[in-house]
Amino acid sequence: MGGGTGRAPVTGDDGEAVLAAIRTRRVVRSMRPEPVDRPVLEAVLDAARWAPTAGNRHLQRFVVTDDPGVLRVLRAVSPGMLQHPAAAIVVCTDRALAAGYGFPPGAPGLFVDVGTATATILLAAHALGIGAGPVTSFSHAAVSVVLGLPEGLEPELIVCLGHPAPGGPAPMRGGRRLSWRDLTTWVPPQD
Amino acid sequence: MDGSTEESQAWVLDENEALELLGYLITAARTQVDEAAEYGPLRLLTVAHRLADRIVPRASAGTARFVTGPLAQVPELAVPRDGRAEYVARLDELCRAVAGLLSDRWAAGPDGPR
């Protein structure tokens, strides 16, 4: 990653808005049934293409559906999908393209790029007032069938999208929120 | 109530509902191979809640009391990592409750069939 083009950094109120979006985003596990407007979905997808990718290779592809029947099947084969989404973006890796660059199967860099794309999608959805929740527990084989994915396009992660609804299952873990200090080690150690 | 009454033999799932749960169970078997072990009970609780949600509108009063009472009190995303003893105790309590429900329906009590 890297290779900046020298664009001006985000500052002032824009910078605060970005930080506020980062701090207030939550995984949404309860969604209302009404659809998400296509322009909103397209805006989320447009944001996803700006996610950083290793070597600027863009090996991820996004398969999208807002079809109720397809969504029902996706949920049935995705044990981790607790919500009833109005739309879903399936982040896929083009394994054939990756192999062309010399990536061995399972190379961690490919998954890092799935993560950066997902984080960008989650934030973009939040910025547009749409709830989003990532799902990694699904049958890759089944999802490939449901979506009719071609050979070599591997589904890696599903982002559920929908209008947030109150309620839903309690988080897996409550308790004290971790601070950045809990997660950080300075070298050399700070007093 | 025993298991022979007309009410107890009523259908509580239609085929679509059953297929959704079947899909969940089959794919969960596969995903669990790659997931943390603590997700095992979590996935089973999730499908128990889904089954309960589906059957409660058509279930008998006793079953409905179970799924809206003892089962509903156990979070479907609970994992044993934080407070294993409490987690196990909670599941044991749920196991006792389901045993009581099943005994009321199927087992003979000290005074004969219930």
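Colleague: Which helix of chain A holds Ser144(A)?
Modeller: This is a predicted model. Leaving aside neighbours within four places in sequence, Ser144(A) is in contact with Leu149(A) and Pro155(A). Ser144(A) itself is found in chain A's helix α6, residues 140-147.

Colleague: Does Ser144(A) count as buried or exposed, and at what relative accessibility?
Modeller: The cut-off for buried is under 20% relative accessible area. Ser144(A) falls under it, so the residue counts as buried, at 19%.

Colleague: Where does Leu183(A) lie, and how far are the C-alpha atoms of Leu183(A) and Cys92(A) separated?
Modeller: Leu183(A) lies in the segment after β4 (153-162) of chain A. Leu183(A) and Cys92(A) are 91 residues apart along the chain. Their C-alpha atoms are separated by 30 Å.

Colleague: Is Leu183(A) buried or exposed?
Modeller: Exposed requires over 50% relative accessible area. Leu183(A) has 63% relative accessibility, so the residue counts as exposed.

Colleague: Glu156(A) forms a salt bridge with which residue?
Modeller: Glu156(A) sits in strand β4 of chain A. The partner is in helix α4 (residues 95-100) of chain A, 61 residues apart from Glu156(A), and the pair links distant parts of the chain. The closest N and O atoms are 2.6 Å apart, and the partner is Arg95(A).

Colleague: How do Glu156(A) and Arg95(A) count by accessibility?
Modeller: Glu156(A) has 9% relative accessibility, so this residue counts as buried. Arg95(A) has a relative accessible area of 22%, so this one is partly exposed.

Colleague: What is the pattern of helices and strands in chain B, read along the sequence?
Modeller: Chain B has four helices and two strands. Of its 114 residues, 35% are buried. Among contacts with a separation of 6 or more, 63% come from residues 24 or more positions apart. The pattern along the sequence is α-α-α-α-β-β.

Colleague: Why do the buried residues of helix α3 in chain B lie on the same side?
Modeller: In α3 (residues 61-68) of chain B, the buried residues are Thr63(B), Ala64(B), Phe66(B) and Val67(B). They lie on the same side of α3(B) because the arc they cover around the axis is only 160 degrees.

Colleague: Which residues are exposed on the other side of α3(B), and what covers the buried ones?
Modeller: The cover over the buried residues of α3(B) includes α2 (39-55) and α4 (84-106) of chain B. The residues exposed on the other side are Arg65(B) and Thr68(B).

Colleague: Which residue forms a salt bridge with Asp34(B)?
Modeller: Both partners lie in helix α1 (residues 15-34) of chain B, four residues apart, about one turn of the helix. In an α-helix there are 3.6 residues a turn, so residues three or four places apart point the same way. Asp34(B) is exposed, with a relative accessible area of 57%. The closest N and O atoms are 2.8 Å apart, and the partner is Arg30(B).

Colleague: What is the N to O distance in the salt bridge of Glu93(B) and Arg96(B)?
Modeller: Glu93(B) and Arg96(B) are three residues apart in helix α4 of chain B, so about one helical turn separates them. Glu93(B) counts as partly exposed, at 48% relative accessibility. Arg96(B) counts as exposed, at 52%. Their side chains meet with an N to O distance of 3.1 Å.

Colleague: Across the interface of chain A and chain B, which residues form the salt bridge?
Modeller: The structure holds ten salt bridges over all chains. One of these is found across the interface of chain A and chain B. The closest N and O atoms in this bridge are 2.4 Å apart, and the residues are Glu20(B) and Arg72(A).

Colleague: Which helix gives the most to the side of chain A that touches chain B?
Modeller: By class, that side has ten nonpolar, four polar and four charged residues. The top contributor gives three residues, and this is helix α3 (residues 68-76) of chain A.

Colleague: What area is buried between chain A and chain B?
Modeller: The contact involves 18 residues of chain A and 19 residues of chain B. Seven residue pairs are in polar contact between the two chains. Carbon and sulfur atoms give 56% of the buried area, which is about 1,600 Å².

Terms used
Residues numbered from 1 in each chain as written. Chains lettered and ligands numbered in written order. Predicted model: local features only at pLDDT ≥ 70, side-chain atom pairs only at ≥ 80, totals over all residues. Heavy atoms only, no water. Contact = heavy atoms within 4.5 Å. Buried area = accessible area lost by both parts, 1.4 Å probe. Salt bridge = Lys/Arg side-chain N within 4 Å of Asp/Glu carboxyl O. Polar contact = N/O pair within 3.5 Å; in protein donor to acceptor, adjacent residues only side chain to side chain. Nonpolar A, V, L, I, M, F, W, Y, C, P; charged D, E, K, R; others polar. Buried < 20%, exposed > 50% of the residue type's maximum accessible area, 1.4 Å probe, protein only. Arc of directions from axis to C-beta.
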